[in-house]
Amino acid sequence: MRLQESKSTVNQSPLNNLSIGFILVPDFTLIAFTGFVEVLRHAADKGDRSEQNLCTWTIMAPELAPISSSSGVEVLPWETFADPGRFDYVVVVGGLLPETPGYHMDIINYLKSAARAGVKIIGLCTGSFYMARAGLMAGKKSCVHWYHFHDFIETFPDLIPVTDEIFIEDKNMITCPGGSSVIDLALFIIERHLGKDRAIKCLRHLLLNWGRTQKNPQLPFNRELSTISDPRVRKAIFYMEQNMADPLTIASIADHIHISPRQVERLFKIHLDMTPLTYFRKIRLTYGKWLLENTSKSVTEIAYQCGFADASHFSKWFRNMFETTPVALRRESRSGEKDLFKPDSAFLLQEQ
């Protein structure tokens, strides 16, 4: 399948207030591109004819060959790489993660040239990986999808990944984890350049009744978290999930979410009826249970991965919580057909 927007609607009139150049990397995610460009489409025209009056966009590539998305839909670029000075933003749309040699150097070099020209760069989905590979994220926060958090820190151990927000602007770099959050980011850009009325028009035309700010956390790995409304508690739990192997303290959790340790204690009591450290141990053990049932890692490996000093310590707390031992649980889970979608599992599943 191929997807190609008509270029006949491009209008380079003086009314243009916003100009965006899209770069689609091979195997890009379609929703990250279309979600963003649909907001632009509705903001650009005063009616509903999809004319590029108030803003313009183009799709660039090193050559004019179809670019395949991760779903197999192909998009034809409109032009080869243009002078980055034409744009207010260059948007790189990522998707399936490339292997280390798989980064396309033409894209990397163009991002570098855009940064040198002072153009703001936006990374959608794994576009942040391209920005990092181009050396543009040193000392800056990168908003990455929770699923790719560990991929990011393994690939770029000196950079700062964040998964408890839906987009981040740090100097001239903006990163967004993809999915529906690209719509929120696009609305933020539209409101900044074209005004609040334009952003509201986009919401109405897209039949949306929400517009999230960048401080909204991403959806949780822990299903229980979806019922918690207080963003401070959600951010604290995200922090715990990302540091399960580390000996977190209430003080370090409080420092991460910028409130006092006493407030952390109070909020966890209100929303979860337990202390932060008790909840931290609970999610460590629940994750350990999932690892026992769905991986071949040894009990000792799982104990370390979940932040316990040794297998004995892990087993003691595991028995207290689940009334069985890790070894017995694993034996039971392997005695019959494994049900990976058990409703009592507290964790969303990642593909292995």
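Phe22 has 0% relative accessibility, so this residue counts as buried; buried means under 20% relative accessible area, exposed over 50% and partly exposed in between, with a 1.4 Å probe and protein chains only. Phe33, at 2%, counts as buried too. The model is predicted: local features need pLDDT of at least 70, side-chain atom pairs count only at pLDDT 80 or more, and totals for chains, interfaces and linings use all residues. Residues are numbered from 1 along each chain as its sequence is written, and side-chain values use heavy atoms, without hydrogens and water.

Rings of Phe, Tyr and Trp (its six-membered ring) pair if their centres lie within 6.5 Å; planes under 30 degrees apart count as stacked, over 60 as edge-to-face and the rest as tilted. That gives 13 aromatic pairs. The centres of Phe22 and Phe33 are 5.2 Å apart and their planes stand at 85 degrees, so this pair is edge-to-face. Phe22 belongs to strand β2 and Phe33 to helix α1, 11 residues apart. Helices (H or I, at least four residues) and strands (E, at least two) are DSSP runs, numbered from the N terminus. Phe22, Phe28, Phe33 and Phe36 form one aromatic cluster.

Now to the neighbouring strands. Strands pair if DSSP finds at least two bridges between them. β2 (residues 18-24) runs parallel to β3, joined by 6 bridges. Ile23 stands opposite Met60 in β3. In β3 (residues 55-61), 7 of 7 residues are buried. Cys55, Trp57, Ile59 and Ala61 lie on one side, and Thr56, Thr58 and Met60 on the other. β3 also pairs with β6 (residues 79-80), in the parallel sense, over 2 bridges. There Ala61 stands opposite Thr80.
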